Amino acid sequence: MSIVSAMKRVAGAVVAGTALAVLAIGGPAAAEGIKVGFVYVSPIGDAGWTFQHNLGREELEATLGDKVETTYVESVPEGGDAERVIRKLAADGHSLIFTTSFGYMNPTIKVGKMFPKVAFEHATGYKRSKNVSTYLARFYEGRYLTGVVAGMVTKSNKIGYVAAFPIPEVVRGINAFTRGLRSVNPAAEVNVVWVSSWYDPGKEREAAETLIAQGADVVTQHTDSTAPVQAAEDRGVYAIGYHSDMSKYGPKAHLTATTHHWGKYYVNKANEVMAGKWKSGDTWGGIAEGMIKLAPFGPAVTDDIKKVVAEKEAAIASGALHPFAGPVKDQSGAVRIKEGEVMSDGDMLGFGWYVEGVIGELPK
Amino acid sequence: MDGWDTALAILVATIRAGTPLVFAAIGELVTEKAGVLNLGIEGMMLIGAVTGFIATVVTGNPYLGILAAILAGMATSLIFGVLTLSLMTNQVATGLALTIFGIGLSAFIGLSYVGTPIDGLDPIAIPLLSSIPVLGPLLFNHDIMIYGSIALFVLVGWFLFKTRAGLILRAVGESHDAAHAIGYSVLKIRYLAVMFGGATSGLAGAYLSLVYTPQWAENMTAGRGWIALALVVFATWRPARVLVGAYLFGFITIIGLHIQAMGADVSSHLLATLPYLATVAVLVIISRDATKIRLNAPASLGRPFHPTA
């Protein structure tokens, strides 16, 4: 092969390559449809955090049909691997990418700088940039309502709470639950057991069994497995799930669950990108925005309870009721939020103390 | 008598929490006594757990599930056996690979079974004995796998130290060259020991997915295979100490949960660490004699066997 023909070949390849690149760049911008990418931290499974995000993705596809094409990557470890996956999605022509775990924060910001034309949405983080938004759900509003249910169902006035790690997010949930609980049943108390793991079915089950053995007749959880619901079913007491409807693990025991719904948000963001109106921002949506809902009630929840919960749900949605509206007392009885005041978002994000009604010390 | 009830609940929960460790650690002890270090327990447990679960869903019979878990554990260990014994790959690297393989494969084959409900094994109350106050519910009202784990422990202790076959197995673990020179088939004995370890790891997994938390969820062993592995070493390859260590680990985990549930002011981080610290401390103290450790540790552990002549 002569040098000239070799050069021709190289030139041909360069031209072809450029044409492909133009096509690739031109594709998403010119066509009506866009490609939307999702990065999940765990397998989708059939319940839990990632499962709910995937329901949101399915809702996005069902609502916008041909206008969107979605891609997801599951079980992406937080850290170096995440950056590679996010970069790949951006390079493959996705114009909107949702990264759905806290640990993707720095990789998302980093890849965001490399692809300034792509819109990034990072769940649960606090770092934003020109093309990286953050979003989070006010799940504590749901926790408050499940507390109301627990307060009206319990006979022993002892509620068991299986929790993962003493970080503000979890403490906020415990406090909101306790506020809801005592709004209808001031004599009820919450016992917390920390299992030091987000996911360990065996240990979560033993923690629930322990709480039940000590007299709890309703258990709830801030961990990822369905084992606590199963333990409650086996022991003939009640359970409140988290993330997803867990009723099939405890048809009799399951009262309800706080569940996350991202579909509406995902549809809105995709529409904004297609209309060229997407802007970076911070969203913290709750019941009013449809991001938080209660799972269908179990057979043990009476119509009276449903009525009270519905009233409170409407009040939270309208803004008339706030789970942390003063007076809010801590465990010592000292007033932390005065009457007529409402806890600020900043204070809620940094929760480091228990409200009145939680038993035991918060681990430091 | 509230105090009695609580104490009983703690002890029963201790047995439940310790049982998967007993299964996995006893099998690994036999494997290591034959001179093979298999770090793949976690992977074999997961494959046992998922296979036992699927077999139970399909046949509706948890006993067939247990059998399937045993066979699946053995089959998985056979992969390890072929690689390390016949092809003489590095045992540490192969064992680690087996764990990673088991995590991935179990997740893959269990995908459509996540969230399928099953009826777990019911406890079998032994007539008369189970009606003795306190002792009855503590010792004679368990499911068949817990009785089985105790039987397995007795059997392995007897086999290793009271039978000729056990002596040969230990000889292979001490000096495979000497055993080979006398005329024992080192490879055959090691294959059997590895497969025994696989079978009990499968049982440990089945205990988790059929009894402890009757469901299949990805990676549901949550590191118990590694704890079993550490127990064997800290118990200096003695079956009785393995049993003590497994129950001690379970006991301190459960006590920690009860202390928290009572609202005592103890750091949850400390309570989460305590089972590891206390188990290691107790086993180190009861096995503090350095000479005896050297006597108990299989001298050929982890070394590949090259048959000469």
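Predicted model: local features only at pLDDT ≥ 70, side-chain atom pairs only at ≥ 80, totals over all residues.
A second open sheet in chain A has six strands, arranged in the order β2-β1-β3-β4-β5-β11, with parallel pairing. Here the edges are taken by β2 and β11 (282–285) of chain A, and because each has a single partner strand, one side of each is left without a neighbour in the sheet. From one strand to the next, the twist of this sheet averages 20°. In general, the strands of a sheet pair through backbone hydrogen bonds, either parallel or antiparallel. Strand β1 (residues 34–39) of chain A pairs with β2(A) in the parallel sense over six bridges, and the bridge partner that Ile34(A) finds in β2(A) is Val68(A).

Chain A is divided into two domains, of which domain 1 covers 3–138 + 262–285 and domain 2 covers 139–260 + 293–359. The C-alpha centres of domain 1 and domain 2 of chain A lie 34 Å apart, and the contact between them involves nine residues of domain 1 and eleven residues of domain 2. On the side of domain 1 of chain A that touches domain 2, the largest share, three residues, comes from helix α2 (residues 49–64) of chain A. Divided by class, that side of domain 1 has six nonpolar, two polar and one charged residues.

Two local features of the backbone of chain A may be set out together. Most residues other than glycine have a negative phi, and most peptide bonds are trans. The peptide bond from Gly326(A) to Pro327(A), however, is cis, with omega near 0°, and Pro327(A) has its place in the loop between α10 (303–318) and β13 (328–329) of chain A. Ser75(A), a residue other than glycine, has a positive phi, near 55°, and is found in the loop between β2 (68–73) and α3 (80–91) of chain A.

The contact between the chains brings together 32 residues of chain A and 29 residues of chain B. On the side of chain A that touches chain B, β7 (189–194), α7 (201–213) and α8 (227–235) of chain A each supply at least two residues, and the largest share, nine residues, comes from α7(A). By class, this side of chain A has 14 nonpolar, eleven polar and seven charged residues.

Two packed helices are described by the angle between their axes and the distance between the axes. For α7(A) and helix α11 (residues 239–261) of chain B, the axes come within 9 Å and cross at roughly 50°, which makes α7(A) oblique to α11(B). The crossing in which α7(A) passes α11(B) is right-handed. From α7(A), the contact is made by Glu206(A), Ala207(A), Thr210(A) and Leu211(A), and from α11(B) by Ile254(B), Leu257(B), His258(B) and Ala261(B). The residues of this contact of α7(A) with α11(B) divide into five nonpolar, two polar and one charged.

Within chain B, helix α3 (residues 62–86) and helix α9 (residues 186–212) pack at an angle of about 140°, with their axes 6 Å apart. The helices α3(B) and α9(B) are therefore oblique to each other, and α3(B) passes α9(B) in a right-handed crossing. The contact of α3(B) with α9(B) has 17 nonpolar, ten polar and one charged residues.

Key
Residues numbered from 1 in each chain as written. Chains lettered and ligands numbered in written order. Domains from an automatic or database assignment. Contact = placed C-beta atoms within 7 Å. Helix = DSSP H or I, 4+ residues; strand = E, 2+ residues; numbered from the N terminus. Nonpolar A, V, L, I, M, F, W, Y, C, P; charged D, E, K, R; others polar. Axes fitted to C-alpha atoms, helices over the stretch in contact; angles between N-to-C directions. Parallel < 35°, antiparallel > 145°, perpendicular 65-115°, else oblique. Left-handed = near helix turned anticlockwise from the far one by under 90°. Pairing = 2+ DSSP bridges.
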